[in-house]
Amino acid sequence: MGETLDRVSREIENLRDEMVETLVELIKIPAISPDYGGEGEYDKAQKLLEMIKDWPFDKVEVYNAPDGRAKNGVRPSILAYYYGEKGEKSERLWILTHLDVVPPGDLSRWTVTEPFKPLVKDGKVYGRGSEDNGQSLVSSLYAVKAMMNLGIRPKRTVILAFVSDEETGSHYGVEWLIKNHPELFKKEDLVLVPDGGKEDGTFVEVAEKSILWFKVRVKGKQVHASMPHKGLNAHRVALDLAYHLDRLLHEKYPTRNELFEPPESTFEPTVVKNPANSPNIAPGEHEVVFDCRVLPNYSLDEILEDVGRLTEEVKEKYRKEIDGKILPEIGIEVLQRLDAPAPTDPNSEIVVLLKDALRKLRGKDAKVGGIGGGTFAAFFRKLGIPAVVWATLDEMAHQPDEYARIDNMVEDAKVMAALALL
């Protein structure tokens with residue numbers, strides 16, 4: 001097997017220039033979610049289908065999640081199968097990457113090139129979506145193409161999944177596929193999500209924290225700031241509530257778990273908003289948003305109960321009747337919630353296989369750990385399918401002057417091939 005892996009690795013090296021060209025072509029097509037004002041992933045999916053139409057995949061399927069806001073009313077996901085040495089009876093390895101990208105942000109901060117005019121420079125490919133997730137998408141493609149070129153059937157069937165809507169919740173991507181086509185997935189499948197990692201490629205993510213975003217909306221009564229007794233300053237009420245929420249959550253949920261980085265739950269007030277646009281206005285409305293990343297051993301329901309209880313206490317503290325109306329009114333809106341599934345067992349086959357591949361190809365011992373972000377992997381862990389998140393990244397995702405390092409793209413392709421072969 002070592003000789004086969006060496007041959008495939010050399011073939012991947014031979015394909016380096018083609019890999020760069022493929023990434024460049026994909027970056028040129030903005031695949032921005034309608035949630036961000038874009039047309040979605042249709043054009044990019046069509047381009048990808050055109051690129052691989054002559055590749056000897058055993059099966060290519062397109063699944064279109066309906067979304068009236070997107071181009072042609074669909075959010076496409078592509079599954080490309082390359083069977084293993086036992087045909088359809090082979091064990092199966094999924095490699096999932098996403099087609100969509102985030103918007104470019106402040107264009108004045110792009111100094112190397114424009115977001116969708118890719119530029120190859122100093123061993124890097126610059127452009128929006130180059131590292132997130134174009135680098136890994138191309139790596140997965142050429143891990144398979146190298147085996148195709150050599151006529152090698154791997155031990156495991158490789159299923160390359162190019163899906164939509166990762167950046168805005170996966171409702172039209174992985175989540176939609178799992179809900180509408182559960183027959184696609186098997187408990188014994190192995191899953192790699194190359195959408196997170198570190199510069200040296202030795203971090204294997206097996207766990208994620210729960211995610212809870214909630215908005216506190218306070219309504220009082222706006223008045224001139226020199227006459228505060230005639231109204232109710234919603235800003236003051238919201239500050240008081242936010243301060244005590246911050247304190248309560250940190251004090252009540254202090255557990256540390258060294259598997260994660262950072263090892264504790266985090267509760268961060270982020271967005272604030274009120275309509276006051278002058279120093280002499282005491283605002284009648286105020287909003288505060290909290291971003292909470294919670295260790296899996298805590299219940300999000302319990303946290304929301306605490307938020308509700310403290311909210312009632314603050315309402316009572318500031319209770320005031322104005323024009324026959326009892327104020328303040330305080331509403332809690334959950335913006336996003338993802339309850340963390342059980343972590344992938346660090347001794348599961350996909351983890352052991354990946355660590356073995358990194359040791360063979362790079363001579364490095366990988367570290368297993370957890371993160372605070374959310375990825376595709378959580379959806380598979382909920383199904384009881386072990387999934388890992390891994391890639392070699394310079395962590396340029398979502399930044400101006402985003403780039404993919406070409407060496408990372410090529411070397412990661414070798415690891416992906418090893419996962420299929422070993």
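Strand S11 and strand S13 (residues 285–294) run antiparallel to each other and are joined over six bridges. One pair that can be found by eye in this predicted model is Glu268, which stands opposite Asp291 in S13.

Strand S9 has a partner on either side. With S13, strand S9 runs antiparallel and is joined by 10 bridges; here Val218 has His286 of S13 as its bridge partner. With S16, the pairing of S9 is again antiparallel, and nine bridges join the two strands. Lys215 can be followed across to its bridge partner in S16, Glu333. How much of S9 is covered? The strand is mostly covered, with seven of its 10 residues buried.

Strand S8 (residues 203–208) and strand S17 (residues 367–371) run parallel and are joined by five bridges. Why can S8 be called largely enclosed by the rest of the structure? Six of the six residues of S8 are buried, so the strand is largely enclosed.

Attention now turns to helices that pack against helices, with H4 taking part in two such contacts. In one of them, helix H2 (residues 16–27) and helix H4 (residues 130–150) pack at an angle of about 135°, their axes 10 Å apart. The two helices are therefore oblique to each other, and H2 passes H4 in a right-handed crossing. From H2, the contact is made by Glu18, Met19, Thr22, Leu23, Leu26 and Ile27. The residues that H4 contributes include Ser130, Gly134, Leu137, Leu141, Tyr142 and Lys145. Sorted by class, the contact of H2 with H4 contains eight nonpolar, five polar and two charged residues.

The other contact brings H4 together with helix H10 (residues 406–421). The axes of H4 and H10 come within 8 Å and cross at roughly 55°; the helices are therefore oblique to each other. The crossing of H4 and H10 is right-handed. Among the H4 residues that take part are Gln135, Ser136, Val138, Ser139, Ala143 and Met147, and the H10 residues they meet include Asn408, Met409, Asp412, Ala413, Met416 and Leu421. This contact of H4 with H10 divides into nine nonpolar residues, five polar and one charged. Gln135, Val138 and Ser139 of H4 are listed in the contact with H2 and also in the contact with H10.

Glu39 is found in the loop between H2 and helix H3 (42–52). Which residues does Glu39 touch, not counting those up to four places away in sequence? They are Ile32, Ala70 and Lys71. Lys71 is 32 residues from Glu39 along the chain, yet their C-alpha atoms are separated by 5.2 Å.

Stepping back to the protein as a whole, there are 10 helices and 19 strands. The C-alpha atoms fill a box of roughly 80 × 45 × 40 Å, taken along the principal axes. Of the 422 residues, 54% are buried. Among contacts with a separation of 6 or more, 80% are between residues 24 or more positions apart.

Methods
Residues are numbered from 1 along each chain as its sequence is written. This is a predicted model: local features need pLDDT of at least 70, side-chain atom pairs count only at pLDDT 80 or more; totals for chains, interfaces and linings use all residues. Side-chain values use heavy atoms; hydrogens and water are left out. Axes are lines fitted to C-alpha atoms, for helices over the stretch in contact, and angles run from 0 to 180 degrees between N-to-C directions. Helices (H or I, at least four residues) and strands (E, at least two) are DSSP runs, numbered from the N terminus. Angles under 35 degrees count as roughly parallel, over 145 as roughly antiparallel, 65 to 115 as roughly perpendicular and the rest as oblique. A crossing is left-handed if the near helix is turned anticlockwise from the far one by less than a right angle, and right-handed if clockwise. Contact means heavy atoms within 4.5 Å. Ala, Val, Leu, Ile, Met, Phe, Trp, Tyr, Cys and Pro count as nonpolar, Asp, Glu, Lys and Arg as charged, and the others, Gly among them, as polar. Two strands pair if DSSP finds at least two bridges between them. Buried means under 20% relative accessible area, exposed over 50%, partly exposed in between (1.4 Å probe, protein chains only).
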